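I opened this entry to log a few look-ups, one residue at a time.

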Amino acid sequence: MSNESIAPAIAPCAFVSGPAPRRLTRQVRIGAVTVGGGAPIAVQSMTNTDTADVAGTTRQVADLWRAGSEMVRVTVNTPEAAAAVPRIVERLRMMGIEVPVIGDFHYNGHQLLAGEPACAEALAKYRINPGNVGFGKKRDTQFAQLVEFAIRHDKPVRIGANWGSLDQSLATRLMDENATRSEPWEAAHVLREALIRSALDSAARAVELGLPAERIVLSCKVSGVQELIAVYRDLASRSDFALHLGLTEAGIGSKGIVASTAALAVLLQEGIGDTIRISLTPDPGGLRTQEVVVAQELLQTMGLRAFTPMVTACPGCGRTTSEFFQELARTVQEHVRAKMPEWKITHPGAEHLTLAVMGCVVNGPGESRHANIGISLPGTGEAPAAPVFIDGEKSVTLRGDTIAADFVGIIDTYVQRRYGSG
């Protein structure tokens, strides 16, 4: 048999050099942040303090902003919370923080904005859940009231449907319609359709009431990875509204991080999404800012944005029985993240810096040459020397007890030299 007659068992794969072009959506201004229309994908987060606690909520908003959250959502659920919002925004401004603060409304938003006009003015955006804005005959009226407040105060709105609070009357109607189909959809398909219709129909109604489409962001959140991907692919194909991505109730620890990343990475790779939130359940006593870091790292590792220098480090093996390379990798990552707020102003471009901390001679020198700055630490049984590579060339060899301080100093000097002063 000739070689020509043997078909390849596996078809060759096309090399993917980057994400698909961003889906073109309407541009929305939220305070000083632009979402959609080709703008960089924005990172946002949400406080978990009692909003009526002005000092505590201000402190957490500031912490989230310093971590890199470009918008922060707060719960507005009581008259006390609504009254606190203008004071929180004013305190933030006194601190030099102009982050857009978004109000999250459920059930009684129309009453709270009517009772606290200063809250309606202070917020940068309103989040409305069409599944619980009102029930029965009150639903349309209360939704219209919220939209009218947005029009009056020139505010954008996120219409955020969630399968945990889906409009049951809409779901029931679509189930009844599905029963009459010659080939009925599966129940999960009907529920996805109900979620999408809830968002799209509400957006259409808001436009009818006079809210420009350029002030509307949509979201349809679910807690299952495959369901979220299916919902947003469908939603993106049926509208040109800016889209907010997030896996709702993602979970705690590594589960929440993995699930959110698995879902959002697929959509972002396909060019879907204009702003994201990683909805992590913090560990008891854990930092709320972790969700911001994860969101930034997701965008940066996908090559969609750059926020802070990223450190490549080997996982360790039998050749790296010392923990020193692990400690150095953590020291370097913490150092550059702490310096980034300053470097963003004084040394713009430093966020693109690449660093490598490697643990032995096998991949150490090669990986270090790929980074702007890399260090190859001695593995078990190797000579106690750590060559440092700068832009692919060996620069210096570090030894002794000051390797960590010396390497951090090399990074700072490099940033000063290469990125100048902004």
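Predicted model: local features only at pLDDT ≥ 70, side-chain atom pairs only at ≥ 80, totals over all residues.

I then placed glutamate 208 in helix 7, which covers residues 187-209.

Next, the nonpolar cores. I found 81 residues in the largest one. Tyr126, Leu218, Tyr232, Leu264, Leu268 and Ile276 have the most contacts inside it. Helix 7 gives this core its largest share, eight residues. Another core lies apart from it and holds 30 residues, including Leu328, Val332, Met358 and Val388.

I followed up on tyrosine 232. I set aside its neighbours within four places in sequence. What remains in contact with tyrosine 232 is Ser219, Cys220, Lys221, Leu243, His244, Leu245, Leu267 and Ile272.

Last, arginine 73. I located it in strand 4, residues 71-75. Is arginine 73 buried or exposed? It counts as buried, because its relative accessibility is 6% and the cut-off is under 20%. I looked for a side-chain partner and got aspartate 104, joined to arginine 73 by a polar contact of 2.8 Å. Beyond four places in sequence, I list Ser45, Met46, Thr47, Ile102, Asp104, Arg127, Arg158, Lys221 and Arg277 as the contacts of arginine 73. Lys221 is also on my list for tyrosine 232.

Terms used:
Residues numbered from 1 in each chain as written. Heavy atoms only, no water. Helix = DSSP H or I, 4+ residues; strand = E, 2+ residues; numbered from the N terminus. Core = buried A, V, L, I, M, F, W, Y, C linked by side-chain atoms within 4.5 Å. Buried < 20%, exposed > 50% of the residue type's maximum accessible area, 1.4 Å probe, protein only. Contact = heavy atoms within 4.5 Å. Polar contact = N/O pair within 3.5 Å; in protein donor to acceptor, adjacent residues only side chain to side chain.
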